[in-house]
Amino acid sequence: MRPTERVIWSLVLIVGCAPDLRDQLTRSNGSPGGLEDLAGAGTLDTGLDLTEPREVVVDATDEAAWHHYDFERVGLVDTQLPWDIAIQRFCVHLNGGFNGSGGVQAVVLEDTFFDEVSFDDVPPDGDAAWITDVADPEDGYACSGAVFGDWYDYDSSSHILTPKPRITIVRTVEGTPVKVEVLDYYDDAGTSGYFRFLWAELAP
Amino acid sequence: MFSPLASLLLFSAAPADARVEDEEEEIVVTATRSPGRLEDSPVATEVLTRDELVASGADTLAEVLEHQPGLQLTRSFRGATVRMNGLDTDYVLILVDGQPVQGRVGGGIDLSRFPIDRIESVEIVRGAASALYGADAIGGVINIRTRRAESGVLATARVSGGAMAGADTQAVLTRFPGAIPLSYRSGGEPLATVDSSAAVSVGLGRVGSWSLASIQSTPALSGAGGEATVMDGQATGTFSERVDFKVNDDHRWTSQVAYTRRRQAGIQTSGSGAVIDSASSTEFVEAAIGPDILFGTKGRLTTNLAWSGFSDQAFIDQRMGTALDKYESTYDRATELDVVGTVLPTEKHALTSGVELRHEVLETDRLSIPQVDRQRASVFLQDVWEVIPSSGSQQLLAVGGIRYDRDSLFGDAWSPRVALRWDPTQDLVLRASAGRGFRAPPFKDLYLSFVNLGVGYRVDGNPELEPERAWNESMSLAWSPTDQVDFDISAQRTDLTNMIGTTVVEDGSSGGPVRYSYINVSQAWTQGIDSAISWDVLEQLALRAHGSLLQTRDVALDRPLQGRAPATAGVGTRVQSPSERIRFDADYFWQAPLPYFIDINGDEQEETVEAPAWHQIDARVEVQASACCAINLGAENLLDTGDQTYSFTRPRRLYLGLVASAATRGKGGSDATN
């Protein structure tokens, strides 16, 4: 064989397509764990002490689905029941104002801690401090009209959402005041859309 | 001495063995798309010769360009790309033997994929060159000229330690000279033969990743354990061959094929706490063939048919989860036919004209449609006019050129350029040029479909995008007061308009994610001064120094473009023994703090942060132990300084290399067939 032909044939042998990476590597698929099972709730009288702080994780990873939470029922409910807050990804709606008919209102307390908020911080009915969701202003960002519209700080370089140091008092459909702190948006594996919050009823 | 215009033809069909070896007779092609002597070039061209590439101690083109005045290397997981005159890598055209390179990842061509052993020389022409090269030649053009066949066998091996420990055996170059029968008569007699020579290069390399801590390397390619990595570990295999056929003194053919396969693996962490094992497999194929025909002293015609392909697979695996898992594949290929002719209609004019036809196809799952393609037809015409002939003490050359591109996706683009070169005395050259450049909207901006569920936004391409436009002006002065001293200074300004930026097209109030797309909206400018001086103090001692100043501005945001160094400087020296068997090179580089704009306190306003100033010392010694063998020892970033937060700088790396040649090596020289 002539040298040039040798070169060409050796080239043909070498230039195969690289193997498909999916055939060569296996994925790690383990669950991060630590997620509460929120199914099964539904009765109004759970017999539970609602003033005990509860940490809740809602799997809100789906791009389109809304997950409705009711504080008195201590769990996710369907929209037939009087839900209090609804969560989709990082968006949180109240069942009041623009986003619901349940009359839910809220008060935002900045730069405070969960344990420091008590029944004394709950404004009287009709107080101007109570607010609820309004339509998104035209600033181009979804959920910006909601009371929980800016629960996070956004890092534009890492695209990470970090909760602001604030407590929100929510008055539920049934009129129960509860304090809510958003804790995290990521599970232990770092996946976004796992909305984690802490809440407790405020009683005199 | 030949006239500058005649030199366009004189070297074109010179036999390979008669290559010009004097450095002052360096042949360049990039500035005018026609070979000519570097010293006659009407447009300023920087050339990195084979000797300089070797002496730099670099293994790939990326490290060589890192310290060139006016260039800035940026590194990421997917490789190293270059900025030119403060303009992003998207605005820099990378050529291999005059052909555009396929496979832009994140806008840029990864320069670490070109091993030094494949490169004969690198030509850098700064400023807009769309009048000759069309799309993307706004910041400038970098033309990689591949090595020709050399006599004998050359092998190099190198091991390195430090943060990126690795080993590579980069090249074996062989020449097969001889006559090849073109066809046979029935009796087995050759009908005609051509002289040929072939260069074959094979390389294998493996480099460890460098960790965020920049202290210890992580196990490359293991995909488990280890620290987060800044640059992925990689294993690379390369094969290239180039065959030159000489039919007769006026008629030559060149063909070449190059194949590179690279596997990379590393570990990334995100601010959310996710740990991600990433792996990628990338292949590049480049093939070209074409004749170079000289018509006496009247003209020449070069034809080139080229095909290039780029295939990339990226595999992302989130530990303990699947939400961030991703597999993406991209297959990009282009076929191009170029016909370029040069004629000398009178003694004072050299006309170069060409036609290019290009077809490009992209298949990827990141686009809104699985496959997109584009066709482009281009014609260009350039006149080099010798206004004042070089016979006297003065010389004046004027260049005028214009190019028209018609693209199936974005329509028309006209790109004119004028340039002047004036030699008022024998040792002084003044140059000035003004030209228009454009950047074709890339497939990504036209057809991308990307969803980031984490924060609820999506980005969609805009098929209506127009090309980005630029005006570039430059001036330069080259002064050689003595044979031992060379001084260069140049100034550049580029005004970019119609730049592609993002805009909100759906605000998310309907409950869906915010949707962004691209529009031609932004404007920016860059301007800078670069200077360099070299001084051969003694036969055994040479000194060099360079410095650059750069200003940039994003007009809409009224602030500098981020990540650009406003000032850089460097000094270096070479000391060699009288016999030239021992050679020592050392260089010091400094880079001013780099501005970045990042929202660091969460107030949704971007604050200015600075990557700290950077000092680097590189040193290298090479000993020619015997006629066959040389050994070299070097250190890169000896002080182990740099910034791993914003601008990734490579940590300290030590290497030991061996070079063995089994027969005489041809001295590195250029040839005019590219």
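This is a predicted model: local features need pLDDT of at least 70, side-chain atom pairs count only at pLDDT 80 or more; totals for chains, interfaces and linings use all residues.
Biologist: Which side chain meets that of B:Arg403 in a salt bridge?

Modeller: Side chains of opposite charge can pair when their charged atoms come close. The term salt bridge needs a side-chain nitrogen of Lys or Arg within 4 Å of a carboxyl oxygen of Asp or Glu. For B:Arg403 the partner is B:Glu356, at 3.1 Å from N to O. The two lie 47 residues apart, B:Arg403 in strand E24 (residues 395–407) and B:Glu356 in strand E22 (residues 349–364), both of chain B. Strand labels follow DSSP runs numbered from the N terminus: helices (H or I) have at least four residues, strands (E) at least two. B:Glu356 is also buried, with a relative accessible area of 8%.

Biologist: How many salt bridges are there over all chains?

Modeller: The search of the whole structure gives 42. One of them joins A:Arg166 and A:Asp150 at 2.9 Å, N to O. This pair is 16 residues apart: A:Arg166 belongs to strand E9 (residues 166–171), and A:Asp150 to the loop between strands E6 (105–110) and E7 (152–155) of chain A. A:Arg166 is buried at 9% relative accessibility, whereas A:Asp150 is partly exposed at 33%. In chain B, B:Asp445 and B:Lys444 form another, their closest N and O atoms being 3.1 Å apart. Shared partners also make a network of B:Arg33, B:Asp338, B:Glu356, B:Arg403 and B:Asp405.

Biologist: In what sense do E31 and E32 of chain B pair?

Modeller: Two strands are taken to pair if DSSP finds at least two bridges between them. Strands E31 (residues 514–538) and E32 (residues 541–554) of chain B are antiparallel over 14 bridges, and a hairpin of two residues joins E31(B) to E32(B). Within this pairing, B:Ile529 has B:Leu549 as its bridge partner in E32(B). E32(B) also runs antiparallel to strand E33 (residues 567–576), with nine bridges.

Biologist: Which residues have the most contacts inside the largest nonpolar core?

Modeller: In soluble globular proteins, nonpolar side chains tend to be buried together. A nonpolar core is a set of buried Ala, Val, Leu, Ile, Met, Phe, Trp, Tyr and Cys residues joined through side-chain atoms within 4.5 Å. The largest has 32 residues, and those with the most contacts inside it are A:Phe71, A:Trp151, A:Val170, A:Phe197 and A:Trp199. E10(A) gives the most to this core, with five residues. Contact means heavy atoms within 4.5 Å. Beyond its neighbours within four places in sequence, A:Phe71 has contacts including A:Leu50, A:Ile85, A:Val170 and A:Trp199. A second, separate core of 25 residues includes B:Ala62, B:Val82, B:Val96 and B:Val101.

Notes
Residues are numbered from 1 along each chain as its sequence is written. Chains are lettered from A and ligands numbered from 1 in the order in which they are written. Side-chain values use heavy atoms; hydrogens and water are left out. Buried means under 20% relative accessible area, exposed over 50%, partly exposed in between (1.4 Å probe, protein chains only).
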